[in-house]
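Here's a quick tour for anyone meeting this structure for the first time. Take a look at the sequence and the 3D view, then read on.

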Amino acid sequence: MVLDNLGSSLRGSLDKLRGKSRLDEDDVQEIVKEIQRSLLSADVDVSLVMDLSDSIKTRALEEEPPGGTSARDHVLKIVYEELVGLIGESTDIPLESQTIMLAGLQGSGKTTTSAKMAWWFSKKGLRPAVIQTDTFRPGAYDQAKQMCERAEVDFYGDPDCDDPVQIARDGLEATEDAEVHIVDTAGRHALEDDLIAEIEEIESVVQPDLNMLVLDAAIGQGAKEQAQQFDESIGIGGVVITKLDGTAKGGGALTAVNETDSSIGFLGMGETVQDIERFEPNGFISRLLGMGDLKQLSERVERAMSETQAEDEDWDPEEMMQGSFTLKDMQKQMEAMNKMGPLDQVLDMIPGFGGGIKDQLPDDAMDVTKDRMRSFEVIMDSMTEEELENPRKVGASRVKRISQGSGQDEETIQELLEQHRMMEQTIKQFQSMGDGDMQRMMKKLQK
Ligand code: GDP
């Protein structure tokens with residue numbers, strides 16, 4: 001995750017402020033130093049870092065915390081606002097017909113992003129098409145075609161044609177039924193004149209509404225030059241940062257946003273078509289600071305639940321929340337959780353859970369949890385429908401049979417049953433809660 005270190009190191013300094021109601025100069029100095037260290041090691045441009053830390057320092061010392069606010073919350077709020085200010089608004093992506101062209105160096109993730117963005121638009125109810133004009137990189141055509149098939153979106157490319165401008169022209173014609181056109185272009189290892197000439201020519205044919213620069217999160221200071229050059233030739237209106245699942249950097253991309261006076265539109269979080277998120281500065285910074293991101297979380301949960309339900313129409317999550325909670329419900333929930341993506345990303349979005357608590361878990365804790373989920377799945381596959389619906393019927397002899405059938409030891413089966421009992425109780429508590437209780441709990445979580 002971009003600037004991941006910032007979240008954890010900052011929390012350390014902030015925790016030292018617990019119990020204090022006023023800040024002194026030393027406190028502020030220490031926090032500002034942490035911020036500088038993290039931002040610089042994440043490759044954010046030095047002058048940006050200095051501007052940011054100056055304003056945090058001034059505000060933290062001069063602004064009077066509102067009555068009842070602790071020193072810690074006061075600083076956290078200022079850091080939050082300043083970081084949101086640095087990153088700026090998300091690129092405006094209207095949900096209507098439009099053409100978006102992607103630019104960037106080879107390997108930055110353009111082809112992957114084109115299919116991911118098309119998938120994103122299709123989930124918003126629009127009909128997208130990807131036009132693949134990369135004739136330079138062998139394999140780009142097949143890769144794009146396969147990903148678009150997986151995303152179930154229209155695709156145009158021509159492996160027999162070596163003129164990208166011609167492909168762009170033919171592509172627009174062939175996909176004229178689509179509402180959103182995403183045009184993928186070729187990259188090179190470096191910014192060469194012919195790359196710039198080619199992209200300018202494609203642009204004049206395609207006439208995009210928006211040009212987006214695709215940047216690998218791991219890119220360092222090189223981002224500045226790339227951003228400047230692409231901006232001069234075609235004008236960059238938005239940035240996509242890719243591979244955020246694999247790096248703690250990402251500061252180079254922030255520098256590029258600043259350099260082109262543009263904004264971030266999307267984040268790439270993995271290699272499959274669903275691994276894309278719309279960039280939301282508030283949620284992003286909240287997550288970074290360990291304050292969670294409820295909006296992304298609820299979107300992911302909703303998507304995963306409805307996908308799981310679509311696969312099995314007999315299962316209704318609403319019923320689960322109202323009636324009894326069976327092992328079958330638990331099985332479906334686990335399927336839905338698998339669809340939500342890697343557990344550590346999901347935990348980051350839960351207020352109070354990301355960062356702080358997660359950092360204290362041993363490194364392999366996530367793997368253990370994943371292994372445990374896998375064992376539970378195998379066990380549930382070995383159970384009969386009757387047992388799934390009535391877990392209380394699973395006594396010692398059934399445990400033995402399930403153990404033999406699933407190849408899992410009896411202890412793990414007992415753990416699964418125990419886990420189910422605990423979840424059942426939690427759900428019962430939810431069911432007996434009034435709206436007021438629920439709101440109080442959400443407020444507590446958001447703190
Ligand atoms: P292009 O040359 O700019 O079109 O780049 P590609 O789309 O081919 O991406 C280059 C490599 O990065 C491929 O192996 C992709 O699978 C991988 N990739 C792209 N986006 C992401 C991402 O968000 N996360 C991860 N982990 N890998 C990515």
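Which residues have the most contacts inside the largest nonpolar core? They are Ala-118, Val-130, Leu-213, Val-239 and Ala-253, in a core of 80 residues. Keep in mind that this is a predicted model. The chain has 447 residues, and 40% of them are buried.

**The cores**

- Take Leu-213: setting aside neighbours within four places in sequence, its contacts are Ala-103, Gly-104, Ala-227, Phe-230, Ile-236, Val-239 and Ala-256.
- Another core, of 9 residues, lies apart from the largest one, and its members include Leu-327, Phe-376, Ile-379 and Ile-413.
- As a bit of background, nonpolar side chains tend to be buried together in soluble globular proteins.

- The axes of helix H3 (residues 46-62) and helix H4 come within 10 Å, crossing at roughly 145 degrees.
- The H3 and H4 crossing is right-handed.
- On the H3 side, Leu-48, Leu-52, Ser-55, Ile-56, Arg-59 and Ala-60 take part, and they meet Val-75, Ile-78, Val-79, Glu-82 and Leu-86 of H4.
- Sorted by class, that contact is made of 8 nonpolar, 1 polar and 2 charged residues.

- If you look at contacts between residues at least 6 apart in sequence, 76% of them join residues at least 24 apart.
- Gly-85, which belongs to helix H4, is 197 residues away from Asn-282 in sequence, yet their C-alpha atoms are 9.8 Å apart in space.
- Gly-85 is partly exposed, since 13 other C-beta atoms lie within 10 Å.

- Most residues other than glycine have a negative phi.
- Lys-243 isn't a glycine, but its phi is positive, at about 60 degrees.
- You'll find Lys-243 in the loop between strand S6 (238-242) and helix H10 (251-259).
- Is Lys-243 buried or exposed? Lys-243 is buried, because 23 other C-beta atoms lie within 10 Å.
- Asp-261 also has a positive phi without being a glycine, at about 55 degrees, and is found in the loop between H10 and strand S7 (264-268).
- Asp-261 counts as exposed, because it has 11 C-beta neighbours inside 10 Å.

Technical notes: Residues numbered from 1 in each chain as written. Predicted model: local features only at pLDDT ≥ 70, side-chain atom pairs only at ≥ 80, totals over all residues. Core = buried A, V, L, I, M, F, W, Y, C linked by C-beta atoms within 7 Å. Buried ≥ 20, exposed ≤ 12 C-beta atoms within 10 Å, placed from the backbone. Contact = placed C-beta atoms within 7 Å. Axes fitted to C-alpha atoms, helices over the stretch in contact; angles between N-to-C directions. Helix = DSSP H or I, 4+ residues; strand = E, 2+ residues; numbered from the N terminus. Left-handed = near helix turned anticlockwise from the far one by under 90°. Nonpolar A, V, L, I, M, F, W, Y, C, P; charged D, E, K, R; others polar.
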